[in-house]
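Here are my notes on this model. Please read them with the coordinates open.

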Amino acid sequence: MGIIDRVSQQSAAAAAAAETPPALRVAQSITDQIGNTPLLRLRLFEDEAPGVEVWGKAEFMNPGGSVKDRPALRMIEEGERSGRLTPGKVILDSTSGNTGIAYAMIGAARGYRVRLVMPTNVSEERKQLVTAFGAEIVYSDALEGSDGAIRMARQMRADDPDTYFMPDQYNNPANWQAHHDGTGVEIWEQTGGRITHFIAGLGTSGTFVGVTRRLRELDRSIRCISVQPDEPWHGLEGLKHMPSSIVPGIYDENLADENMGVATEPAYDVARELARREGILAGHSSGAALWAAREVARRLTAEGRGGVVVLVLCDGGDRYLSSGLYRPRHR
Ligand SMILES: Cc1ncc(COP(=O)(O)O)c(C=O)c1O
């Protein structure tokens, strides 16, 4: 599609939107704004795969800036409902960052103290965000990665069980249920049930497991593809190389139709392309999912088929500026 066609198509869409202004939103709490994120049409691969629609679920538009707002809220609500989280208890968990930011934001909004164990090499932006919401950080060894943080948090909880409420995102079914009841339903409705392929990265696996279970209930023919780093040492923050990691209790390795390994640099490259060509600033793991979406789109095209591919844009790129993801030398 030429630039003129694109602009006139966008102007027509803008005019249609102007005719039906959305209701001005009010909210009693910032946490009311979690979920119901937009599904964005991505045109990055349109030239090489013209018959394939690619859409990104814009989870970076949650108020805490990532996909993890949903499970964090659900786990805290479950804790309150079950009586395990009561006023005065400290929310404790291990987190590579985004879940921590979500706990910190929700904890501040609901009046809980939050203590987070994270490896020292987590990005500076994430540390500062968590601290801004008043949460405390306990550092674990960078060399031990997210598994070291998990072990330390478990030990802290074992040493002092009465002080802490530990949601334990790796083993808490409320993690994947948040995506089953929220993200998955939204994707189905936003595509009008036309989705043919779903792609998400694996961290705790909550997003992939929850959305996939929901989509399978709705249409068994949808292909669900999980994405993980192709080696233990990688730069894809938020994602886990499962064969060399403590496997999350909520993970079901038999769920995926396909499991794709992604290398760090190609994932960064496609994230940069997305920023420059579509104006969407996304993080490392979104780059990995996009890379996988390109592979799927190319395959479908080679087979002479079309498709509706949905991937998850887990968080925004501004969280990774200090990591060099968007440094000018990459121009
Ligand atoms: C940036 C980012 N991408 C992807 C994921 C993976 O999501 P999930 O834990 O639902 O597998 C995470 C999880 O922390 C994340 O922070």
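**Aromatic pair and ligand site**

1. The count of aromatic pairs comes to one, where rings of Phe, Tyr and Trp (its six-membered ring) pair if their centres lie within 6.5 Å. The ring centres of Phe198 and Phe208 are 6.2 Å apart and the planes meet at 20 degrees, so this pair is stacked. Planes under 30 degrees apart count as stacked, over 60 as edge-to-face, and the rest as tilted.

2. The pair links distant parts of the chain, ten residues apart: Phe198 is in strand 7 (residues 197–201) and Phe208 in helix 7 (residues 206–218). Helices (H or I, at least four residues) and strands (E, at least two) are DSSP runs, numbered from the N terminus.

3. This is a predicted model: local features need pLDDT of at least 70, side-chain atom pairs count only at pLDDT 80 or more, and totals for chains, interfaces and linings use all residues. Residues are numbered from 1 along each chain as its sequence is written, and side-chain values use heavy atoms, without hydrogens and water.

4. The ligand is surrounded by 16 residues (a heavy atom within 4 Å). The closest are Lys68, Gly203, Thr204, Thr207 and Ser285. The shell divides into four nonpolar, nine polar and three charged residues; Gly counts as polar, and Asp, Glu, Lys and Arg as charged.

5. Now the polar contacts (N or O pairs within 3.5 Å). A ligand oxygen lies 2.5 Å from a side-chain N or O atom of Thr207. A ligand oxygen is 2.7 Å from a polar backbone atom of Gly203. A ligand nitrogen is 2.6 Å from a polar side-chain atom of Ser285. Taken alone, the ligand exposes 390 Å², and the protein buries 98% of that (Shrake-Rupley, 1.4 Å probe).

Methods
Polar contact = N/O pair within 3.5 Å; in protein donor to acceptor, adjacent residues only side chain to side chain.
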